[in-house]
Amino acid sequence: MHVFPKNTLVNTPCETMLDGECSVSVRISTPDSVPRIREFYGKRLFNLEIEGELIKDIDLIRAIDVNRVRIILGDINILEVEGRLIEALQKMGAQSVFEINPDKKLLRNINFLTGLDILVHIDMTKPVQDENALLQAVDFYLHNPMLRTPIEPIHNLLVTMNRRRGRTLWSTELENVKTNFYVSDQGEVSLSSRWIENDMKYGTLDDSVKDFMKSELYNKLATLKEEMFRSKSSCVFCGNLDVCKGFLRAIDSEWPCDIWKKVFNILQGAVREGKDLLRKIDQQKELAKSPDEQVT
Amino acid sequence: MRDSAAAGTRSLVFSGMGEPTLDPDFEEYLALAEELGFDSISLFTNGYGLKAEDVRRWKDYGLSSVLISMHGMEDGHDRNVQRKGSFREAVSAIRLYSEYDILVTVNTCLTRLNLPEIPRLCEFLAGFRVITHTLTFPEWSGNVPLYEENILDYHEVSEVAGDLIPEGNMIAMFEDMPYCLVRNKTREMQNRGIVGLLDGTGEHEFDGNARKIFPESCSGRGCVFQTVCSGFERNYIKARGWQDLKERVGRFLDLLNDPEHGDTILAELPDHPRTRRSPKGSRRRSDRGPHNSQVVIVKPTSRCNAGCRYCSSYKESQPPDMSPDFLDKMYAELFEYAALQGKKYITFLWHGGEPLLMGKSFYDRAWGLTTTVKDLRITHILQSNMLLLDNDWVELLSRYNVHISSSVDPIGQDRILKDGRQQYPDWLDKFILAASGGLHLGLVFTVTPSHIDRYADVYHFFKNLQTLSARPLGVRLNPVYPAGAAKGLDPGELIDPADYGEFLCRLWDLWCNDGKSFPLSPFTDWSEGKGTTCEFSGRCQDNFIEVSGNGDIHHCGRFTDAGLVLGNITNAKLVDILKHPQMKEIRRRSELLKDGSCKGCPFWELCMGGCPCHAYTTFGEITRETPYCPAYKMFFASSGLGSVEDKLEVN
């Protein structure tokens with residue numbers, strides 16, 4: 001079986017046990033798999049992942065005794081799950097994160113989860129079903145003074161835009177080509193679930209790194225930027241490519257990303273506004289000084 | 001690192017008993033440092049094996065400054081560090097870090113082997129963006145006792161201090177040299193910071209703990225400079241004794257206590273009432289300017305393998321290519337001229353036609369001939385469409401550190417090949433080859449009417465293209481003008497000045513709102529307060545000439561395209577050729593315009609009348625203002641660059 005290198009994070013089903021030194025993110029399906037996973041991976045276990053209807057399995061939730069869990073909420077309305085579950089979720093601690101879809105329920109889900117100080121992450125690989133809800137979520141993040149918990153990837157985008165360096169979307173969305181791998185339930189290896197869904201894979205667990213590097217997927221990822229310029233795709237004339245880095249249209253060059261561009265522009269505006277405010281505050285402080293103290 | 005960050009430490013330095021970047025986990029440490037939020041992250045390095053991609057990543061991880069060791073010139077440095085090629089590596093590292101705006105400090109450990117080379121090294125480093133160059137008296141530790149014969153005496157440094165760091169050099173400074181021996185050229189004084197190196201004050205006895213020692217007279221006679229003095233190396237004194245150092249200290253203290261000289265010396269002391277501080281942030285700027293630099297545009301061929309519709313260099317009858325044998329004659333003439341004019345820097349811009357058509361052997365000779373030239377700093381730039389570029393070219397260009405400038409247009413339909421196909425796809429492949437080969441690349445964009453409404457696409461394309469290159473890509477904007485093939489264009493295909501002004505205004509807004517994220521000429525120069533590119537300098541006549549394949553001399557590439565020949569260096573001296581009436585006219589131009597049609601123009605300092613050749617090709621008169629005057633006026637007024645407030649800020 002393929003051994004992934006150290007310093008990589010591999011998302012894998014609980015049925016597939018990976019040897020080596022890589023960190024793992026394990027998709028669990030039954031309560032009894034949790035102790036076995038913990039024992040096998042030890043410190044290599046980065047987090048557990050639960051998806052969809054499994055979140056309603058109270059026994060499964062109660063079986064989780066690690067403090068890093070990624071919950072793929074999918075189409076589920078968090079308000080529909082029963083109270084005991086919320087209580088159990090709260091016990092998971094601050095390292096847990098809810099992956100939520102940009103659909104009609106977005107703002108309600110965000111409001112509810114951040115109110116409990118639970119991290120949320122909007123899944124950028126899913127089509128935006130309700131643009132208005134996404135814009136409201138951005139507004140909620142930027143202007144709600146009660147908010148204490150970051151909403152990703154908005155928070156990271158804002159920080160990166162402000163500092164002009166930081167993690168790219170490829171990294172926040174766990175598609176960093178150098179560090180992230182995804183193993184499907186059938187043992188296929190890819191970059192993430194969206195690539196598998198589009199039948200793009202490096203190979204299987206029986207293949208070597210050299211085999212991976214010969215794959216169509218590897219070649220596509222390695223030449224993504226160049227191909228963008230070769231085909232003069234709309235991305236090369238896009239004012240947000242420095243933020244997106246081609247992530248949104250990596251698979252489909254026609255992917256509808258206008259709403260995300262709108263979000264990027266709102267965040268860029270907020271950064272400018274913030275910087276202007278800070279500059280004005282500094283100026284006022286300077287003016288408040290006596291003439292002798294002022295820097296000329 | 002975690003503990004230090006938690007304890008409030010704000011600055012972090014990666015150093016090592018060896019070279020820290022060799023640690024396989026170096027990047028992991030750097031990433032952690034970034035995560036922990038240190039305000040400044042520094043690296044002590046020798047530049048070994050550095051690549052542009054490394055610098056780009058490390059910059060992203062927050063690396064803010066580096067200290068690079070250079071212990072002599074070329075072989076001198078290699079001998080000192082005992083590895084061939086390490087000088088070139090260090091120079092390359094300085095260039096790379098500077099390009100990414102990482103602050104570079106250079107450290108030189110003074111020894112008997114390298115002392116004679118230091119003035120040359122200081123001069124050499126003045127051409128780089130080095131913020132500080134420290135000349136360090138060695139600590140008496142590590143390998144030093146093994147090479148004792150190479151270790152200088154203090155007085156040997158003291159006696160040549162003025163030659164090593166001449167007055168006005170604010171970059172170089174001594175480290176670990178006592179104040180009285182080199183006066184205000186010490187690190188502490190140059191930095192105007194007070195340091196607490198008082199661990200050995202007043203001591204005579206060796207206690208084995210403190211590394212530094214002061215003669216008793218320093219405290220006994222109340223030397224006020226002890227707060228900014230490094231003192232003497234304790235183990236040096238232990239090994240070699242005080243020699244005449246106490247007498248030297250005594251003579252300085254006599255001067256200090258002498259009413260006639262004391263005030264002058266005291267004025268050097270920071271925070272002393274009579275101290276005159278340097279202006280905030282001041283440091284020596286490069287002395288490079290039109291008076292001592294020369295740009296030589298060489299057009300070895302007029303042939304071209306492309307068919308751009310607006311090509312300004314196109315000629316129906318093509319003169320012969322430059323003969324390789326002519327290079328000797330050309331260089332001899334140019335270097336003689338440079339010596340006569342006191343030029344220290346020469347940039348050769350190899351132009352065409354398409355210069356790569358001359359072949360590799362021509363350039364191997366052309367560039368190789370300049371590697372042995374002393375007393376002149378020579379740079380080569382190639383203006384090329386890159387269509388012939390291959391791995392061998394990349395290797396040749398890298399070997400001679402030749403920069404490439406290339407034109408591209410992803411939008412218009414005017415840049416085509418001879419067979420009518422668009423150049424862009426082939427150009428992009430070559431661009432990727434050049435960028436992945438680590439070449440220094442610059443881009444030229446010719447603005448035509450088809451770009452006016454697509455200003456945002458133009459801006460974003462060049463901004464996004466940066467992602468394909470590990471090095472920053474500067475972009476220069478030029479309006480299409482009626483010379484060469486462009487003479488045959490319909491007037492509607494040439495750019496109207498009002499449209500060009502509008503284009504500049506919109507592009508400027510995007511560039512500014514985007515934090516001026518890449519060098520965009522002429523905006524970069526203008527935003528720094530003054531036009532410094534040739535056409536806005538008002539002094540292009542002082543430092544631009546063009547040499548054609550047959551030895552014809554023109555003022556610049558544009559005048560070559562316009563066909564105004566000044567003479568030929570195969571039958572006349574360059575210095576005489578440049579006395580041509582046309583050059584006199586260009587020299588008079590600034591004065592005529594300033595008192596004539598540009599009189600009272602609030603934007604004069606930024607424009608200086610613009611390009612004389614643009615005036616000539618449009619109006620038939622060199623002494624007219626640029627035909628793009630309405631465009632520039634519209635731009636300066638809109639951008640606020642020429643405003644009174646802005647001028648005050650600049651001054």
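K245(A) is placed in the loop that runs between helix 12 and helix 13 (258-288) of chain A. These values come from a predicted model.

## Cis peptide bonds

In chain A, the peptide bond between E152(A) and P153(A) is cis, with omega about 0°. P153(A) belongs to the loop between strand 7 and helix 6 (154-163) of chain A.

In chain B, a cis peptide bond links G352(B) to G353(B), and here omega is about 15°. The loop that holds G353(B) lies between strand 10 (345-350) and helix 16 (360-368) of chain B.

## The sheet of chain A

Chain A contains an open sheet of 10 strands with mixed pairing, in the order 7-6-5-4-3-2-1-8-9-10. Strand 7 (151-152) and strand 10 (203-204) of chain A are at the edges; each has a single partner strand, so one side of each has no neighbour in the sheet.

Strand 1 (residues 9-13) of chain A runs parallel to strand 2 (residues 23-27) of chain A, and 5 bridges join them. Within this pair, N11(A) is opposite S25(A) of strand 2. Strand 1 of chain A is also parallel to strand 8 (residues 180-183) of chain A, with 3 bridges between them; there L9(A) has N180(A) as its bridge partner. Elsewhere in the sheet, strand 4 (residues 69-74) and strand 5 (residues 97-100) of chain A are paired in the parallel sense through 4 bridges, and I72(A) is bridged to E99(A) in strand 5.

## Packing of helices 4 and 5 in chain A

Helix 4 (residues 106-115) and helix 5 (residues 131-143) of chain A have axes that come within 8 Å and cross at roughly 30°. An angle under 35 degrees counts as roughly parallel, and these two helices of chain A are therefore roughly parallel to each other.

From helix 4 of chain A, the residues L106(A), L107(A) and I110(A) take part in the contact, meeting A133(A), L134(A), Q136(A), A137(A) and F140(A) of helix 5. By class, the residues of this contact comprise 7 nonpolar, 1 polar and no charged.

## Contact between the chains

The contact between the two chains involves 13 residues of chain A and 14 residues of chain B. On the side of chain A that touches chain B, helix 11 (224-230) and helix 12 (241-244) of chain A each provide at least two residues. Helix 11 of chain A gives the most, with 4 residues. This side of chain A is made up of 5 nonpolar, 1 polar and 7 charged residues.

Chain B has 651 residues, of which 38% are buried. Its secondary structure consists of 30 helices and 18 strands. Of the contacts in chain B between residues at least 6 apart in sequence, 71% connect residues at least 24 apart.

Methods
Residues are numbered from 1 along each chain as its sequence is written. Chains are lettered from A and ligands numbered from 1 in the order in which they are written. This is a predicted model: local features need pLDDT of at least 70, side-chain atom pairs count only at pLDDT 80 or more; totals for chains, interfaces and linings use all residues. Two strands pair if DSSP finds at least two bridges between them. Two residues are in contact if their C-beta atoms, placed from the backbone, lie within 7 Å. Ala, Val, Leu, Ile, Met, Phe, Trp, Tyr, Cys and Pro count as nonpolar, Asp, Glu, Lys and Arg as charged, and the others, Gly among them, as polar. Axes are lines fitted to C-alpha atoms, for helices over the stretch in contact, and angles run from 0 to 180 degrees between N-to-C directions. Angles under 35 degrees count as roughly parallel, over 145 as roughly antiparallel, 65 to 115 as roughly perpendicular and the rest as oblique. A residue is buried if 20 or more other C-beta atoms lie within 10 Å of its own, exposed if 12 or fewer, and partly exposed in between; C-beta atoms are placed from the backbone.
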